[in-house]
Structures are given as C-alpha cells and as structure tokens.
Amino acid sequence: MSKRKGGKVARLPVVEANAAGVDIGATEVFVAVPADRDPQPIRCFATFTADLQRLADWLEQCRIRTVAMESTGVYWIPLYEILEERGFEVVLVNARDVHNVRGR
C-alpha cells in the first residue's frame, strides 16, 4: 500500500494470495507473508543452513506456495535450492527491475 494525495491509500490487486516476498543479503534474509497468515508477518532470518530451513518451515506453516526473491550476487542460491526442493514455486527478481516499477 502507498499513500496518495488526500490521505487515500492505493491498493495493488492481489495476483497470488499464497505468495511471500524475500529480500536476501549476505548475513540476513527478510521475509514477508500476507498479514493474515501470522501475527508477525515480517521476519528476519540468518543465512546459515539451519536458519534457512526454519524459514522454509515457517513459509509452509503460513501456507505459502510462491516465493519472489530479490537478491544481488550469489546469496540467493542456497535458499532457492532449499525452497525448490520443498516444492515452492520460486521466482528470482532482478532488483534493478523492481526499483523501476511505478508504485512499487
């Protein structure tokens, strides 16, 4: 959601209700699921394998099927492999393309 002039809130249409967004860094992974799936819908995980497994467990608990990941470099590869192995549909998003989307 983003605020427009006059205090109105613009809402984007829901394309995939069972999706999560992931932003991957060298030492932290931030994950967001729909707000109705968990009392804490945004979480931060470390990048060790055990932490990535816990991240995948949490996504399964939240009934997530599709994951969009934004990452630079090679940091996305371990999480991609774990999620794909567990049957998630994983989409790697180019950070430059996302930043150029109007109203992101």
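**Exercises on a predicted model**

D38 sits in the loop between strand 4 and strand 5 (42-46). The structure is a predicted model, and the exercises below start from this residue.

**Exercise 1.** Decide whether D38 is buried or exposed, and find what its side chain contacts.

Solution. 
- Step 1: Take the relative accessible area of D38, which is 14%. A residue counts as buried under 20%, so D38 is buried.
- Step 2: Look for polar partners. The side chain of D38 reaches the backbone nitrogen of Q40 at 2.8 Å. A polar contact also joins the side chain of D38 to the side chain of R43, at 3.0 Å.
- Step 3: Set aside the neighbours within four places in sequence. The residues in contact with D38 are then R43, W58 and C62.

**Exercise 2.** Describe the order of helices and strands along the protein chain.

Solution. 
- Step 1: Count the elements. The protein chain has three helices and seven strands.
- Step 2: The order is β-β-β-β-β-α-β-α-β-α.
- Step 3: The protein chain has 104 residues, and 28% of them count as buried.

**Exercise 3.** Work out which residues of helix 2 (residues 76-85) are buried and how they are arranged around the helix.

Solution. 
- Step 1: List the buried residues of helix 2: L79, I82 and L83.
- Step 2: View helix 2 down its axis. The buried residues fall within an arc of 95°, so they line one face of the helix.
- Step 3: Turn to the face directed away from the buried side. There helix 2 carries the exposed residues E81 and E85.
- Step 4: Find the cover. Among the elements over the buried residues of helix 2 are strand 3 (19-24), helix 1 (49-61) and strand 7 (89-93).
- Step 5: Check what comes after the helix. G87 follows helix 2 and has a positive phi, near 95°.

**Exercise 4.** Identify the residues of the largest nonpolar core that touch the most other members, and state where the core comes from.

Solution. 
- Step 1: The core has 21 residues, and L59, L79 and L83 touch the most other members.
- Step 2: At least two core residues come from each of strand 3, strand 4, helix 1, strand 6 and helix 2. Helix 1 gives the largest share, five residues.
- Step 3: Follow L59. Not counting residues up to four places away in sequence, L59 touches A20, V31, V33, I64, V67, L83 and F88.

Methods:
Residues numbered from 1 in each chain as written. Predicted model: local features only at pLDDT ≥ 70, side-chain atom pairs only at ≥ 80, totals over all residues. Heavy atoms only, no water. Helix = DSSP H or I, 4+ residues; strand = E, 2+ residues; numbered from the N terminus. Buried < 20%, exposed > 50% of the residue type's maximum accessible area, 1.4 Å probe, protein only. Arc of directions from axis to C-beta. Contact = heavy atoms within 4.5 Å. Core = buried A, V, L, I, M, F, W, Y, C linked by side-chain atoms within 4.5 Å. Polar contact = N/O pair within 3.5 Å; in protein donor to acceptor, adjacent residues only side chain to side chain.
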